[in-house]
Amino acid sequence: MKWEGQRESDNVEDARDGDGGGGGGGGLPIGGRGIGIGGIVVALLASWAFGINPLTVLSVLDGSTVQTAPGPREVAPSHPQDEPAKFVSVVLADTEDVWNEIFRANGRQYVAPKLRLFSGQQPTACGMGAAAMGPFYCPGDSKVYIDLSFYQTLRDRLGAPGDFAQAYVIAHEVGHHVQHLLGISDKVDSARRSMSERAANALSVRVELQADCLAGVWAQHSQQSKGWLEAGDIDEALNAASKIGDDTLQRGAGRAVVPESFTHGTSEQRQRWFKRGLAQGDMRDCDTFTAKQL
């Protein structure tokens with residue numbers, strides 16, 4: 001992926017100075033929208049991937065063991081100078097360019113998310129974020145959060161190396177932001193409150209597969225405008241999508257594969273929906289909610 005020398009985003013907040021919430025014992029109270037679509041789903045996914053007891057993660061997310069703490073501190077946008085952060089900034093900038101154009105073509109205005117780099121833990125409007133959760137999007141403050149150590153985990157523990165695998169991760173989280181701007185997230189959160197756990201999980205799968213499809217839409221438009229993808233880049237993204245499928249993660253953690261517990265979709269589904277968005281670059285192809293077969 002020929003990313004060097006490309007525009008960097010003005011929406012990156014670097015909170016990796018050790019003062020970004022990593023110390024201290026309190027989190028944020030979680031209620032109402034709370035973690036919503038992103039946090040609980042991502043936390044459970046991460047627990048399977050990283051060998052964390054999911055009950056430990058959920059005890060933090062549901063507010064049962066956290067105390068009220070001040071809200072997230074302000075961090076001024078910056079242009080980090082280290083290469084991993086510069087890469088993230090370039091990819092975020094390109095998602096801004098692509099989604100600005102797509103929204104404009106559909107008579108809408110795109111409001112770009114902020115992306116906050118952190119280490120360890122980070123207070124968010126959705127509760128206390130942690131590196132072990134992996135990258136996540138918080139609709140409460142319209143921010144993508146990422147501890148860059150996740151990329152080492154993606155490469156070394158999950159077997160998904162490559163710069164475009166990393167770009168896919170960012171594009172997926174930005175896909176959740178697109179869902180938020182379109183009002184999809186609010187509708188899903190509202191619907192989940194009256195559903196059984198099994199039905200809510202099934203709805204979450206549709207949310208996540210749509211974000212994968214939107215990542216594919218971005219990739220198609222990005223390549224059209226920049227031509228910066230190289231041989232093997234798309235395969236890197238597809239491999240990453242495969243490695244973080246629910247069935248693959250459950251098997252890798254030595255667990256039985258339980259489809260009713262899936263929250264993100266199988267490896268095959270995640271690959272297929274990414275490729276669907278990639279094929280034409282049309283958001284209309286990403287309607288997972290009316291699809292009879294995922």
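This is a predicted model: local features need pLDDT of at least 70, side-chain atom pairs count only at pLDDT 80 or more; totals for chains, interfaces and linings use all residues.
**Entry 1**

The chain averages a pLDDT of 82, and 81% of the residues score at least 70.

**Entry 1: disulfides**

How many disulfides are there? I get 2. Counting bonded cysteines along the chain, they follow the pattern 1-2, 3-4.

I took the pair Cys126 and Cys138 to begin with. Their sulfur atoms are 2.1 Å apart. The torsion about this S-S bond is about 90 degrees, so the disulfide is right-handed. Cys126 lies in the loop between strand 3 (121-124) and strand 4 (127-130), and Cys138 lies in strand 5 (residues 136-138), so the bond ties together parts 12 residues apart in sequence. Both of these cysteines are buried.

The other pair is Cys213 and Cys286, with 2.0 Å from S to S. Here the torsion is about -75 degrees, so this disulfide is left-handed. Cys213 belongs to helix 7 (residues 197-226) and Cys286 to the segment after helix 10 (267-280), so the parts tied together are 73 residues apart in sequence. Cys213 and Cys286 are buried too.

In what order do the strands run? It is an open sheet of 4 strands in the order 1-2-6-5, with mixed pairing. Strand 1 (12-15) and strand 5 are the edges; each has a single partner strand, so one side of each has no neighbour in the sheet. From one strand to the next the twist averages 25 degrees.

I went through the pairings of strand 6 (residues 143-146) one by one. With strand 5, strand 6 pairs in the antiparallel sense over 3 bridges. Cys138, which is also in the right-handed disulfide, has Lys143 as its bridge partner in strand 6. Phe136 stands opposite Tyr145 of strand 6. The two strands make a hairpin with 4 residues between them, and Ser142 in the turn has a positive phi of about 55 degrees.

With strand 2 (114-118), strand 6 pairs in the parallel sense, over 4 bridges. Leu117 has Ile146 as its bridge partner there.

Which way do the side chains of strand 6 point? Lys143 and Tyr145 go one way and Val144 and Ile146 the other, and all are buried, the lysine included. I also checked what covers the sheet: helix 5 (residues 163-181) lies across strand 2, strand 5 and strand 6, at about 20 degrees to strand 5.

**Entry 2: nonpolar cores**

The largest nonpolar core has 57 residues. Those with the most contacts inside it are Trp99, Tyr151, Phe164, Tyr168, Trp218 and Phe274. Among the elements that give it two or more residues are strand 2, strand 6, helix 5, helix 7 and helix 10.

Leaving out residues up to four places away in sequence, Phe164 touches Met1, Trp218, Ala219, Leu229, Asp233, Ile234, Glu236, Ala237 and Phe274.

**Entry 3: helix 10**

The buried residues in helix 10 include Arg270, Trp273, Phe274, Gly277 and Leu278. The spacing makes sense to me: an α-helix has 3.6 residues a turn, so residues three or four places apart point the same way. After helix 10 comes Gly281, with a positive phi near 70 degrees. The segment after helix 10 also holds Cys286, the partner of Cys213.

Key: Residues are numbered from 1 along each chain as its sequence is written. Side-chain values use heavy atoms; hydrogens and water are left out. A disulfide is a pair of cysteine sulfur atoms within 2.5 Å. Buried means under 20% relative accessible area, exposed over 50%, partly exposed in between (1.4 Å probe, protein chains only). Two strands pair if DSSP finds at least two bridges between them. Axes are lines fitted to C-alpha atoms, for helices over the stretch in contact, and angles run from 0 to 180 degrees between N-to-C directions. Contact means heavy atoms within 4.5 Å. pLDDT is the predictor's confidence in each residue, from 0 to 100. A nonpolar core is a set of buried Ala, Val, Leu, Ile, Met, Phe, Trp, Tyr and Cys residues joined through side-chain atoms within 4.5 Å.
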